[in-house]
Amino acid sequence: VVLVLDPKATPFSRIWCCFEEGVVTLAARGHLASYRRSRSGDGVFGRSALQELVARDGADGRRQPLMLDIATTHPSTGNAEMLTEGLTKREANIEPLLPGRGWSKKSRREGSFPVGVVQSCLDIDVREASASEEVDKTRIL
């Protein structure tokens with residue numbers, strides 16, 4: 001999943017975006033890994049339906065977790081910048097040949113990510129996020 005941010009981190013001001021980002025983050029860390037099926041095995045109920053949807057932890061034949069990458073443009077240069085969860089393919093290919101080099105390249109690549117965008121993300125209060133339908137906000141929170 002790629003989260004594209006403007007300098008104000010606008011997606012974090014929308015409750016559905018916050019929800020989706022939260023689901024990816026929780027699933028990637030295994031916090032939504034368990035789910036239950038109905039006794040007949042034909043469906044799931046309530047929060048279990050959400051867990052079924054996002055259970056991506058690689059366990060029990062489930063799909064691998066989604067990864068969350070964050071992209072923006074640098075305010076001074078206009079260059080695309082990206083924070084990746086893990087190494088890029090190129091960085092991963094270098095790592096076995098020159099241990100530590102892939103991670104070093106990742107560190108240098110991400111070093112130019114605008115700190116102001118990161119700060120905007122840290123200042124988010126999900127409770128203040130907006131929704132087109134107030135009931136959506138209530139249910140998500």
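Modeller: What follows is a discussion of this structure, which is a predicted model.

Biologist: Which residues make up the largest nonpolar core?

Modeller: The largest nonpolar core has 12 residues in all: Leu3, Leu5, Ala9, Phe12, Ile15, Cys18, Val24, Leu68, Phe113, Val117, Ala129 and Ala131. Helix α1 (residues 15-28) contributes the largest share of this core, three residues.

Biologist: What does alanine 129 touch?

Modeller: Leaving aside residues up to four places away in sequence, alanine 129 touches Phe12, Ser13, Arg14, Ile15, Cys18 and Lys137.

Biologist: Turning to the cysteines, how many disulfides does the structure hold?

Modeller: The structure holds zero disulfides. For cysteine 17, the nearest cysteine sulfur is that of cysteine 18, 7.0 Å away. Because a disulfide requires sulfur atoms within 2.5 Å, cysteine 17 is in no disulfide.

Biologist: Is cysteine 18 buried or exposed?

Modeller: Cysteine 18 counts as buried, at 12% relative accessibility. Cysteine 17, in contrast, is partly exposed, with a relative accessible area of 25%.

Biologist: Next topic: which residues of helix α4 are buried?

Modeller: In helix α4 (residues 101-110), the buried residues are Gly102, Lys106 and Glu110.

Biologist: Why do they line one face of the helix?

Modeller: Seen down the axis of α4, its buried residues fall within an arc of 65°, so they line one face. In general, an α-helix has 3.6 residues a turn, so residues three or four places apart point the same way.

Biologist: And what covers the buried residues of α4?

Modeller: The cover includes β3 (80-83) and α3 (89-94).

Notes. Residues are numbered from 1 along each chain as its sequence is written. This is a predicted model: local features need pLDDT of at least 70, side-chain atom pairs count only at pLDDT 80 or more; totals for chains, interfaces and linings use all residues. Side-chain values use heavy atoms; hydrogens and water are left out. A nonpolar core is a set of buried Ala, Val, Leu, Ile, Met, Phe, Trp, Tyr and Cys residues joined through side-chain atoms within 4.5 Å. Buried means under 20% relative accessible area, exposed over 50%, partly exposed in between (1.4 Å probe, protein chains only). Helices (H or I, at least four residues) and strands (E, at least two) are DSSP runs, numbered from the N terminus. Contact means heavy atoms within 4.5 Å. The arc is that of the directions from the helix axis to the C-beta atoms.
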